[in-house]
Amino acid sequence: MNQRTIVVQRDVQADQKADAATERERLGRRGTLVVNLLSSPGAGKTTLLEATARHFAGRRSMAVLVGDLETDRDAKRLSPLVPVAQLTTGGACHLELSLVQRGLKALGDPEVDFLFIENVGNLVCPASHDLAEHLRVVLISTTEGDDKPGKYPKMFRTSQAMVITKLDLLPHVPFSVKAVTEDAHRIQPHLKVLANCALDGSGIASWCDFLEEQHQQQLATYHEPAGNR
Amino acid sequence: MHERSLIRSLLRQVEQIVAVEGGGKVTEIRVQVGDLSGVEPLLFQTAFDDMVPSVFSSDCRLALEIVPVTAVCSECEHQFEIVDFQFRCPECQTKSVQVIQGDEVTLISVSINSNNSIEGVAS
């Protein structure tokens, strides 16, 4: 018997990360900004997407891939407004790139300005999976408590923006915007913080302006002549 | 339980390595898990024990090492360990720090038992 040890030193997700980078580049080149939305269940991802769709109606095109363990309830809510595909994980706690690609295919690979991925409601597992997004946004509702960033550091560390939702409930719940912002900035100092109430529409314009700005900034590299990159 | 998905990727990589190496019995897979990787070591081990027999022998061992989160300051280049997820340089207090270790799950090495060399001699 010949016993030997082969030294590898390779990221376990290296293949998935390379595939995600290729998909991100493909979608970015044709002008689609991919936004991965993550949060606990019930933080208001679907309601925010409904408000976003209404704000962008007639001006910007968008499509949504909705991840859930079971049912197509969220997809049914969004389908009157935008093209939407349901991704049912059948019990899995997060989405993976292969599911996103399946969803894109089901939609006929639409050429939209924004592709939103509504991830499975979970502040843990989705943080470890690159879905080819250009922008990762974590939502936190005022009803959840302002102590979440410190409890789920990877989710906040890997996001570029945090959206505080259900702002209308602020007078009724023990939630401090200052405390949650400080806690999040301790983990990710560059995190952009936005707040809104999707039901009455307050803060939605700022959220959509932020998305427009990200679209312009993040996709600019794809439009430069090859020599400038 | 995304640990199962990571184990699936891990075993796929090891399978490829064994194929390139000409086969053999995998005895140990060494993996480093960072404190910021989002992986729970106990669940990772459980998922491994559950899934490894379908690909390799069930006596294949998972050697797990936990890696603390290490960062370097973009201003003063001080290298330090991140404690309690405080992403701030302890020397110059700047918040512009780069994580250099501790956010990945890395396959370090694969140990294989094979009788390739004996076959080589016999033929």
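Which residues of chain B does UniProt list for "binding site"? The unreviewed entry names Cys73(B), Cys76(B), Cys89(B) and Cys92(B). Although these residues span 20 residues in sequence, no two of their C-alpha atoms are more than 8.6 Å apart, so they gather at one spot. The model discussed here is predicted.

**Annotated features**

- Of the listed cysteines, Cys73(B) is found in strand E3 of chain B, which comprises residues 70–73.
- For chain A, the UniProt annotation "domain: CobW/HypB/UreG nucleotide-binding", again from an unreviewed entry, covers residues 34–194.

**Overall form of chain A**

- Chain A contains 8 helices and 8 strands.
- Its C-alpha trace spans about 70 × 40 × 40 Å along the principal axes.
- The radius of gyration of chain A is 18 Å, which agrees with the value near 17 Å that a compact globule of 229 residues would have.

**Overall form of chain B**

- Chain B has 3 helices and 6 strands, and along the sequence these follow the pattern α-β-α-β-β-β-β-β-α.
- For 123 residues the globule rule gives 14 Å, whereas the radius of gyration of chain B is 19 Å, well over that value, so chain B is more spread out than a compact globule.
- Along its principal axes, the C-alpha trace of chain B spans about 65 × 35 × 15 Å.

**Helix H1 of chain A and its partners**

- Helix H1(A) (residues 14–29) and helix H4(A) (residues 97–106) have axes that come within 10 Å and cross at roughly 30°.
- Angles under 35 degrees count as roughly parallel, and H1(A) and H4(A) are therefore roughly parallel to each other.
- The crossing in which H1(A) passes H4(A) is left-handed.
- On the H1(A) side, the contact involves Gln16(A), Asp19(A), Ala20(A), Glu23(A), Arg26(A) and Leu27(A); these meet Leu97(A), Gln101(A) and Leu104(A) in H4(A).
- By class, the contact of H1(A) with H4(A) comprises 4 nonpolar, 2 polar and 3 charged residues.
- H1(A) also packs with helix H8(A) (residues 204–223), at an angle of about 90° and with the axes 9 Å apart.
- H1(A) and H8(A) are therefore roughly perpendicular to each other.
- In this contact, Arg24(A), Glu25(A), Gly28(A) and Arg29(A) of H1(A) meet Leu219(A), Tyr222(A) and His223(A) of H8(A).
- The contact of H1(A) with H8(A) has 2 nonpolar, 2 polar and 3 charged residues.

**Helix packing in chain B**

- The axes of helix H1(B) (residues 3–20) and helix H2(B) (residues 41–51) come within 9 Å and cross at roughly 55°.
- That angle makes H1(B) oblique to H2(B).
- H1(B) passes H2(B) in a crossing that is right-handed.
- From H1(B), the residues Glu3(B), Arg4(B), Leu6(B), Ile7(B), Arg8(B), Leu10(B) and Leu11(B) take part; they meet Leu43(B), Phe44(B), Ala47(B), Phe48(B), Asp50(B) and Met51(B) in H2(B).
- The residues of the contact of H1(B) with H2(B) divide into 9 nonpolar and 4 charged, with no polar residues.

Definitions and conventions. Residues are numbered from 1 along each chain as its sequence is written. Chains are lettered from A and ligands numbered from 1 in the order in which they are written. This is a predicted model: local features need pLDDT of at least 70, side-chain atom pairs count only at pLDDT 80 or more; totals for chains, interfaces and linings use all residues. Side-chain values use heavy atoms; hydrogens and water are left out. UniProt positions are given in the numbering used here, feature names are shortened, and annotations may be inferred rather than shown by experiment. Axes are lines fitted to C-alpha atoms, for helices over the stretch in contact, and angles run from 0 to 180 degrees between N-to-C directions. Helices (H or I, at least four residues) and strands (E, at least two) are DSSP runs, numbered from the N terminus. Angles under 35 degrees count as roughly parallel, over 145 as roughly antiparallel, 65 to 115 as roughly perpendicular and the rest as oblique. A crossing is left-handed if the near helix is turned anticlockwise from the far one by less than a right angle, and right-handed if clockwise. Contact means heavy atoms within 4.5 Å. Ala, Val, Leu, Ile, Met, Phe, Trp, Tyr, Cys and Pro count as nonpolar, Asp, Glu, Lys and Arg as charged, and the others, Gly among them, as polar. The radius of gyration is taken over C-alpha atoms; the globule rule is 2.2 Å times the number of residues to the power 0.38.
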